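Here's a quick tour of a protein model, written for someone who likes the cut-offs spelled out. Have the viewer open as you read.

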Amino acid sequence: MKKIFPLLIIVAITIILIEVVFIIGKSNFLTKESHDANYYAQKIVKECSISNYKPTCYDEELPKLMDFLSMEEVFEVTRQVQNLDSSYAYCHTLGHDLSAIEVRKDPDRWMDVATRCPSGLCSNGCIHGGFQERFRKEHFSTDEEIQSVKPDLKTLCEKRDGWSPTGLEQASCYHALGHLTMYITNADINKSLNLCDEVALKEGGRDFRQLCYDGAFMQIFQPLEPDDFTLIEGKEVNKAQHESFCNKFDGQRKGSCRSEGWPLYREELLKSADFLVSFCGRGDDKEKERCINSIIYVIAAQLGLDDNKITKYCSTFSSSTAGQCFANSASRMIEVDYRNINKAVALCGRAQSLDLGSKCYDELVKYSDYNFRYESEEFFSLCNSLPGDWKDKCLKNTD
């Protein structure tokens, strides 16, 4: 018995040690697991569940993760939040904030932040915020100072080492560049537009000026953050002033001024397709079409990308414009988030049931290698989701 007792003690101690090792290992495993994207997403969704408007809560809580996660990791948490809560489909403002925080960490690497921004998430808000943060408090009062940054602006949105943008990424970049010009010039709209002319018209006839103009005027009509409001203080344009303000400009500049002023008429535009047609009907036919397409693109987001609301809205247009309404809305769904491919194709299916599907499917074919890299996973996902001849056209990469 005396020999057995020490043996029992040894066995007991061994069991305890094994349990301790297991518990420690389990604790480490749980700690590791608790720091994945889904963990943080669940925590934030729970914290925001009692908020009166959950998207605003997410916009406030997610940037706090940048204290200990990388920008890319926080965007992945954002994806998971969206998977858990469909009300957070549009996170453009969050994209601004995350890239702005990243630029603040090392302002000299502001151009590199753009190459790290995710595509097809938060409606490309990341690329906008990073640019603006670099020049948020650094305005240039003289033409010489403005000219000093022009070489960087000329190459900012062009292909370079580490960045080979898709058509959508490049277009988003030139739009963001328009916002950036307003910070550089301290919201001098004429200097900003002139700077767009100098940096957005490229050799070989590639012309991104309208996108740049849109970004500049958007800064006036759609300030998002406190610094944005401070930037345009004293230069605001209200509804009564809108028409006379835009009449100071010509051509594409005037067109951008008019269409980017849509927030002044938000309620009217959402209520009536007829109002939209009338609102855009003061320019020539080309500008009228561009204006309608541009604002429909916005309205799709304003309607929460809700296919029922979009169908109801688009169906009130005349047949030719209704088809384009479905088309622009479907492409906007994909631009906001690449996970919306099936939703966009389904919207075209709704249009097809109304004999309006042709333009919608054509639009998705057109943008298959504009939004995505040719033969990427997303490219094939879109093409293979299209019916009949549209699938064949898409896979062949033809119009």
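Predicted model: local features only at pLDDT ≥ 70, side-chain atom pairs only at ≥ 80, totals over all residues.

Cys126 sits in helix α7, which covers residues 125-134; helices here are DSSP runs of H or I with at least four residues, strands are E runs of at least two, and both are numbered from the N terminus. With a relative accessible area of 2%, Cys126 is buried (buried is under 20% relative accessible area, exposed is over 50%, partly exposed is in between, with a 1.4 Å probe and protein chains only). Leaving aside neighbours within four places in sequence, Cys126 is in contact with Met71, Phe75, Gly95, His96, Ser99, Cys117 and Pro118, where contact means heavy atoms within 4.5 Å. Phe75 is 51 residues from Cys126 in sequence, and their C-alpha atoms are 9.6 Å apart.

Residues are numbered from 1 along each chain as its sequence is written, and side-chain values use heavy atoms, with hydrogens and water left out.

## The chain overall

How many helices and strands does the chain have? There are 24 helices and 0 strands. The chain has 399 residues, and 49% of them are buried. Take the contacts between residues at least 6 apart in sequence: 66% of those join residues at least 24 apart.

Glu158 is in the loop between α8 (143-155) and α9 (167-184). Is Glu158 buried or exposed? Its relative accessibility is 16%, so Glu158 counts as buried.

Setting aside neighbours within four places in sequence, the residues in contact with Glu158 are Trp163, Gln170, Tyr174, Lys202, Arg206 and Phe208.

## Aromatic pairs

A search of the whole structure turns up 17 aromatic pairs. Rings of Phe, Tyr and Trp (its six-membered ring) pair if their centres lie within 6.5 Å; planes under 30 degrees apart are stacked, over 60 edge-to-face, and the rest tilted. Tyr39 and Tyr40 are edge-to-face, because their ring planes are at 75°, with the centres 5.3 Å apart. Tyr39 is partly exposed at 35% relative accessibility, while Tyr40 is buried at 7%.

Phe275 and Phe279 are stacked, because their planes are at 20°, with 6.2 Å between the centres. Both lie in helix α16 (residues 273-279), 4 residues apart, which is about one turn of the helix. Phe275 is partly exposed, with a relative accessible area of 27%, whereas Phe279 is buried at 5%. Elsewhere, Phe217, Phe221, Phe245 and Phe249 form one aromatic cluster.

## How α20 meets α21

Helix α20 (residues 341-353) packs with helix α21 (residues 357-366) at an angle of about 155°, and their axes are 7 Å apart. Axes are lines fitted to C-alpha atoms, for helices over the stretch in contact, and angles run from 0 to 180 degrees between N-to-C directions. That makes the two helices roughly antiparallel (over 145 degrees; under 35 is roughly parallel, 65 to 115 roughly perpendicular, the rest oblique).

On the α20 side, the contact is made by Ala344, Val345, Cys348, Gly349, Ala351 and Gln352; α21 brings in Gly357, Ser358, Cys360, Tyr361 and Leu364. These residues divide into 7 nonpolar, 4 polar and no charged. Here Ala, Val, Leu, Ile, Met, Phe, Trp, Tyr, Cys and Pro count as nonpolar, Asp, Glu, Lys and Arg as charged, and the others, Gly among them, as polar.

Ala301 belongs to helix α17 (residues 285-302) and is buried at 17% relative accessible area. Apart from neighbours within four places in sequence, Ala301 is in contact with Tyr90 and Arg332.

Not counting residues up to four places away in sequence, Gln210 touches Gln252, Gly255, Ser256, Glu287 and Arg290.
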